[in-house]
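Take a look at the model below. We will walk through its charged pairs, then through its sheets.

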Amino acid sequence: MPSSRRRFLRFSAGAAATAATAAVLPLVPGVARAAVQGTNTRWAMTSDPALWQQAWARRFTNVLPNPLAAASIYKPTVGATDYTIGAGQATADVLGVPGIATTIWGYANQETGPTFPGRTLQVSKGVPITVHWVNRLVNASGQALPHILPIDQTMTLQTPTTGVPLAVHHHGSNSAAEFDGGPDQWATPLRRQTGPGITGNAVQVGTAEAVTYVYDNTQEASLHWYHDHAESLTGVNVQAGLAGLYVVRDANEKALQSAWRLPAAQHEVALVLQDRTFDAQGQFVYASNPANFAPLNLPLSGAFPPGSPSHMPEVFGDVILVNGKAWPSLSVEPRPYRLRLLNASDSRFFTLRNSAPSWVPMSVIGTDVGLLNNPVPVGAAGLTIAPGERYDVVIDFSWAWLLGGQIDLLNSAPTPFPAGGPPSAGAATVMRFKVGLLANLLVPRAVMGSTTALRGSNGTALLPAALGDTAATPVRRILLGEGSDEYGRINPMLGVYDPTGASNLGTQGFNDPVTETPRLGSTEVWEFWNTTLDAHPVHLHLVKFRIKNRQAFDPANTQPTAMRNGWTGVKLLPGAPLLGAAVAPAATESGWKDTVTCPPGQVTRIVMTFDRPGKFVYHCHILSHEDHDMMRWFLVA
């Protein structure tokens with residue numbers, strides 16, 4: 001077997017036995033991919049039919065919890081800015097079916113046990129906080145718990161471990177590299193072992209040592225999130241429940257709320273969008289079984305470990321969860337509401353629209369890491385949000401009573417995106433708003449029009465409508481391509497495209513030498529050349545950017561390559577022709593971003609300034625992709 005970061009993760013004896021024998025449901029074809037890409041078929045899980053029908057029959061009866069409500073906000077453990085937050089195992093009512101409790105992994109501090117999603121960290125711009133993250137995935141005797149989902153032991157950490165490694169990444173952060181929570185900054189339960197990226201920052205918390213991070217909170221008001229990012233385990237760890245929201249507030253947002261330009265308090269609601277699949281007992285299941293590679297007609301070139309689950313290239317569930325509840329509902333007043341949207345799914349894109357006519361308007365007011373200059377209406381086609389992306393949206397329910405007081409949030413995004421099949425009935429329905437509450441006349445109604453200024457004062461500069469001339473700005477060209485590993489399994493990868501041919505390296509493995517080395521303080525244009533059939537949401541750690549444009553190109557002129565680790569990769573041959581003119585980003589995505597959708601057959605260009613030194617990762621935020629193997633390092637010095 002060739003040298004690779006993907007080797008064997010040796011849990012404690014109990015954990016290994018559970019991981020090897022974890023039950024999974026039969027897989028069924030999820031999309032009609034074979035017709036367009038030969039054997040490159042994606043698969044989707046189906047829940048136990050009887051349980052799915054029970055949950056579907058009870059749709060809209062689950063009450064949506066609001067992660068921004070006071071009861072859902074973490075309180076400091078010590079003083080005003082010091083938090084201790086631990087990951088642990090618990091059960092939760094996810095499906096809303098009587099007698100069914102789902103085992104979850106979640107986060108907790110002193111207020112409650114582990115919750116799914118975790119409670120929300122709410123901070124003020126310019127006020128640093130310290131968080132002591134503790135891996136408490138142990139039983140009452142202090143022994144490491146087995147994973148609740150099956151683990152592919154061919155693509156996990158080489159280091160033998162004493163339990164499940166976790167690494168908490170603050171997605172949206174701009175703090176020092178040592179506090180990033182990248183894939184090598186993992187710790188096993190009670191910090192019995194740590195990854196190479198962990199520095200000497202242990203703090204004793206009870207009987208355990210924490211991984212202690214300091215977040216500077218220099219960003220303007222925006223919605224971030226924290227989630228597990230352990231190497232090769234991000235997909236299964238997040239699927240188990242390890243994610244939560246992180247909200248930054250600032251003076252500009254407060255002024256807009258005080259002037260009743262933005263809805264606030266109970267009229268501001270966060271929506272964490274995810275999809276899941278359940279077995280007959282209501283437990284999470286994950287698409288992973290080596291037998292399912294037979295229909296792909298991909299011969300396994302190596303001996304696959306007996307009984308080991310196998311990684312799947314993408315994972316789609318048939319139950320939509322919002323804030324950890326299946327197809328919930330929210331009772332609202334007939335007034336504008338601010339919805340803070342996060343797509344925390346493994347692979348699913350959402351194209352969201354409401355079931356109401358156009359006179360129940362929806363507008364985007366912000367992107368991943370900041371507000372737009374002015375609100376932008378969402379058209380009839382809806383708002384597409386990729387895994388890892390966030391959107392700040394205002395929807396006005398003032399006249400919804402004319403529709404009988406019910407508005408459904410619907411999803412029409414194909415799976416996989418953008419050329420797959422339509423979503424199933426369960427995936428096409430997200431949640432319901434019940435416009436039945438009496439308007440609280442003591443709280444003024446927020447008034448926001450298309451010309452309402454959201455930036456330009458209180459420390460937020462206006463965003464230039466155009467990024468200006470970048471002809472003299474250094475350009476890096478990143479290749480997005482698909483290859484196969486030593487078992488013949490599909491894996492998307494990142495790499496280098498050089499149209500001159502001088503250093504046209506093609507796809508590269510995660511641990512291949514770093515090729516992206518921007519200077520500290522420099523501004524660069526990065527181009528993502530996507531030769532695959534998937535749209536890839538690319539996330540860069542600890543740097544924000546704006547989208548310059550996208551432009552079609554001919555991705556057909558590629559050739560296979562032999563990679564250092566023995567895998568089969570791909571190169572885009574020099575001189576790939578550009579097709580047509582470059583197209584500016586949609587107005588809804590014209591603000592500050594940290595995650596960008598890179599459509600197939602297009603060059604996506606972003607502009608950014610590197611203001612933090614250190615070694616970071618950039619990767620596709622389809623979790624199944626970043627785990628195998630669409631993630632690379634970049635070094636700022």
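Is D392 buried or exposed, going by its relative accessibility? D392 counts as buried, at 5% relative accessibility. Here buried means under 20% relative accessible area, exposed means over 50%, and partly exposed lies in between (1.4 Å probe, protein chains only).

A word on the source. This is a predicted model, in which local features need pLDDT of at least 70, side-chain atom pairs count only at pLDDT 80 or more, and totals for chains, interfaces and linings use all residues. Residues are numbered from 1 along each chain as its sequence is written, and side-chain values use heavy atoms, with hydrogens and water left out.

Now the charged pairs. Side chains of opposite charge can pair when their charged atoms come close. The structure holds 25 salt bridges. A salt bridge is a side-chain nitrogen of Lys or Arg within 4 Å of a carboxyl oxygen of Asp or Glu.

Start with D392 again. Its side chain meets that of R340 in a salt bridge, 3.3 Å from N to O. R340 sits in strand β16 and D392 in strand β21 (residues 390–396), so this pair links distant parts of the chain, 52 residues apart. Strands and helices are DSSP runs, numbered from the N terminus: a strand is E with at least two residues, a helix is H or I with at least four. R340 is buried, with a relative accessible area of 2%.

Strand β16 (residues 336–343) also holds R338. R338 forms a salt bridge with E253, and the closest N and O atoms are 2.9 Å apart. E253 lies in helix α5 (residues 251–258), so the pair ties together parts that are 85 residues apart in sequence. E253 is buried, at 2% relative accessible area. R338 is buried too, at 1%. These residues belong to a network of salt bridges that links R249, E253, E268, R338, R340 and D392.

R612 forms a salt bridge with D216, with the closest N and O atoms 2.4 Å apart. R612 is in the loop between β34 (602–609) and β35 (614–620), and D216 is in the loop between β9 (208–215) and β10 (222–228), so the pair ties together parts that are 396 residues apart in sequence. R612 is buried, at 19% relative accessible area. D216 counts as partly exposed, at 23%.

Next, the sheets. Strands of a sheet pair through backbone hydrogen bonds, either parallel or antiparallel. Two strands pair if DSSP finds at least two bridges between them.

Strand β10 belongs to an open sheet of four strands, in the order β5-β11-β10-β7, with mixed pairing. β5 (118–124) and β7 (168–171) stand at the edges with a single partner strand each, so one side of each has no neighbour in the sheet. Inside the sheet, β10 and β11 (residues 243–249) run antiparallel and are joined by six bridges. S222 has V248 in β11 as its bridge partner.

Strand β35 belongs to another open sheet of four strands, ordered β33-β28-β35-β36, with antiparallel pairing. Its edges are β33 (595–598) and β36 (631–636), each with a single partner strand, so one side of each is left without a neighbour in the sheet. β28 (residues 536–540) pairs with β35 in the antiparallel sense over three bridges. There, H539 stands opposite H619 in β35.
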